[in-house]
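Please report on the backbone, the helix packing and selected residues of this model. Keep it short and give the cut-offs.

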Amino acid sequence: MNHSAYPAPIASLSAATLERAASLLEGGKLVGVPTETVYGLAADATNGAAVADIFAAKGRPSFNPLICHVANLEMAERLVVFNELALRLAERFWPGPLTLVLPKKCGCSVHDLASAGLETLAVRVPTGPMQQLASMLERPVAAPSANLSGRISATSAIAVAEDLGSAVALIIDNGAPTVGVESTIIAVESDELFLLRPGGLPIEDIEEATSQKVQEIKPNTGIKAPGMLTSHYAPDMPVRLNIAEVSRNEALLSFGDPNIAGTDAAVAEINLSTRGDLAEAAQNLFSCMRTLNQSGAAGLAVAPIPETGLGLAINDRLRRAAAPKGVSDE
């Protein structure tokens with residue numbers, strides 16, 4: 001259900017706004033909260049009714065688990081079991097755009113709905129308001145991206161209001177995220193690392209910090225973490241990737257100096273980064289897709305983007321945007 005006809009109140013980040021948000025979360029309400037990655041749709045992770053409201057607001061499949069945001073490593077250790085390898089990653093990259101999928105501890109306070117009934121839990125220490133709220137509440141905050149399920153992730157307070165409207169009691173406005181794509185999700189299984197979702201932390205950084213290879217997800221694993229649906233982050237029009245020419249009535253999402261034939265005839269064009277900077281492209285990805293989605297074009301053509309560093313996460317989001325709607329990895 002699209003609630004955009006009844007937009008939620010938007011408040012600039014301040015101590016008073018955080019107090020108000022914490023009170024709403026404690027009362028079982030949903031709040032739009034910015035992080036360094038994207039805006040999240042936040043609820044008290046220990047409150048089953050509030051978590052259920054996340055799924056209802058997003059129209060999100062119940063088998064797709066949520067990330068639980070915590071204030072610090074100590075809070076995370078009350079929820080999940082860290083081995084030496086997971087601890088090394090947490091100490092090196094938290095707070096930051098890394099989510100770890102680890103075995104739940106006996107007596108974990110997170111409601112089963114947030115973990116989709118799995119024996120593992122996705123946890124992250126973010127920066128900014130989400131971390132502050134987890135600290136104020138002294139409990140984990142469940143928060144997927146603040147958009148309708150499968151749609152373009154929100155990187156502004158206005159985008160949250162347009163997608164979710166009255167489903168949220170408050171939206172905290174802290175401007176554009178510094179990272180701009182969701183967190184990298186790594187499953188730590190014994191002494192092995194598995195990539196469940198590429199994101200804002202490059203895989204190369206993880207491999208350098210651990211001196212070991214991050215492996216691709218095992219075949220037929222099913223949904224183990226957020227963002228694993230094949231069709232996800234999708235605009236309302238067909239998406240073509242790695243194009244060499246723009247077709248009639250298409251909008252163009254370009255990168256660097258793409259030299260794409262037919263650019264002058266495109267309905268609209270936005271360049272993710274004219275200087276070919278992948279970090280800048282990641283920050284701009286979702287907002288640019290939203291703008292082009294409203295251009296009136298019949299389709300979206302996307303220029304080639306390198307599959308290195310943050311390009312891995314960008315291309316992952318674009319492939320999911322281009323996939324047939326309603327398809328899952330199960």
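Asn-242 is exposed, with a relative accessible area of 52%. Here buried means under 20% relative accessible area, exposed means over 50%, and partly exposed is in between (1.4 Å probe, protein chains only). Asn-242 sits in the loop between strand E12 (239-240) and strand E13 (250-254). Its phi is near 55 degrees, a positive value in a residue other than glycine. Asn-249 lies in the loop between E12 and E13. Phi of Asn-249 is near 70 degrees, a positive value in a residue other than glycine. Asn-249 is partly exposed, at a relative accessible area of 44%. Helices (H or I, at least four residues) and strands (E, at least two) are DSSP runs, numbered from the N terminus.

This is a predicted model: local features need pLDDT of at least 70, side-chain atom pairs count only at pLDDT 80 or more, and totals for chains, interfaces and linings use all residues. Residues are numbered from 1 along each chain as its sequence is written, and side-chain values use heavy atoms, with hydrogens and water left out.

**Helix packing**

Two packed helices are described by the angle between their axes and the distance between the axes. Axes are lines fitted to C-alpha atoms, for helices over the stretch in contact, and angles run from 0 to 180 degrees between N-to-C directions. The table gives two helix pairs.

| Helix pair | Axis distance | Crossing angle |
|---|---|---|
| H1 (residues 15-26) and H5 (residues 129-137) | within 10 Å | roughly 60 degrees |
| H4 and H7 (residues 203-210) | within 10 Å | roughly 120 degrees |

H4 is therefore oblique to H7. H1 and H5 are oblique to each other too. Angles under 35 degrees count as roughly parallel, over 145 as roughly antiparallel, 65 to 115 as roughly perpendicular and the rest as oblique.

H1 passes H5 in a right-handed crossing. H4 passes H7 in a right-handed crossing as well. A crossing is right-handed if the near helix is turned clockwise from the far one by less than a right angle, and left-handed if anticlockwise.

Which residues of H1 and H5 meet? From H1 come Leu-18, Glu-19, Ala-21, Ala-22, Leu-25 and Glu-26; from H5 come Pro-129, Gln-132, Leu-133, Met-136 and Leu-137. Contact means heavy atoms within 4.5 Å. The residues of this H1 and H5 contact divide into 8 nonpolar, 1 polar and 2 charged. Ala, Val, Leu, Ile, Met, Phe, Trp, Tyr, Cys and Pro count as nonpolar, Asp, Glu, Lys and Arg as charged, and the others, Gly among them, as polar.

In the second pair, Leu-85, Arg-88, Leu-89, Arg-92 and Phe-93 of H4 meet Asp-205, Ile-206, Ala-209 and Thr-210 of H7. By class, the contact of H4 with H7 has 5 nonpolar, 1 polar and 3 charged residues.

**Around Trp-94**

Rings of Phe, Tyr and Trp (its six-membered ring) pair if their centres lie within 6.5 Å; planes under 30 degrees apart count as stacked, over 60 as edge-to-face and the rest as tilted. The count comes to 1 aromatic pair. Phe-82 and Trp-94 form it, edge-to-face, with 6.1 Å centre to centre and 85 degrees between the planes. Phe-82 lies in the loop between helix H3 (73-77) and helix H4 (84-93), and Trp-94 in the loop between H4 and strand E5 (98-103), so the pair ties together parts that are 12 residues apart in sequence. Phe-82 is buried, at 16% relative accessible area. Trp-94 is buried, at 11%.

The peptide bond from Trp-94 to Pro-95 is cis, with omega near -10 degrees. Pro-95 is in the loop between H4 and E5.

**Other residues**

Thr-17 lies in helix H1. At 8% relative accessibility, Thr-17 counts as buried. Leaving aside neighbours within four places in sequence, Thr-17 is in contact with Ala-11, Ser-12, Leu-170 and Ile-172.

Leu-272 is in the loop between strand E14 (269-271) and helix H8 (278-293). Its relative accessibility is 0%, so Leu-272 counts as buried. Beyond neighbours within four places in sequence, its contacts include Leu-253, Phe-255, Asn-284 and Cys-288.

Arg-319 is in helix H9 (residues 311-322). Arg-319 counts as partly exposed, at 41% relative accessibility. Arg-319 touches Leu-241, Glu-307 and Leu-312, not counting residues up to four places away in sequence. Arg-319 and Val-239 are 80 residues apart in sequence and 8.7 Å apart in space, C-alpha to C-alpha.
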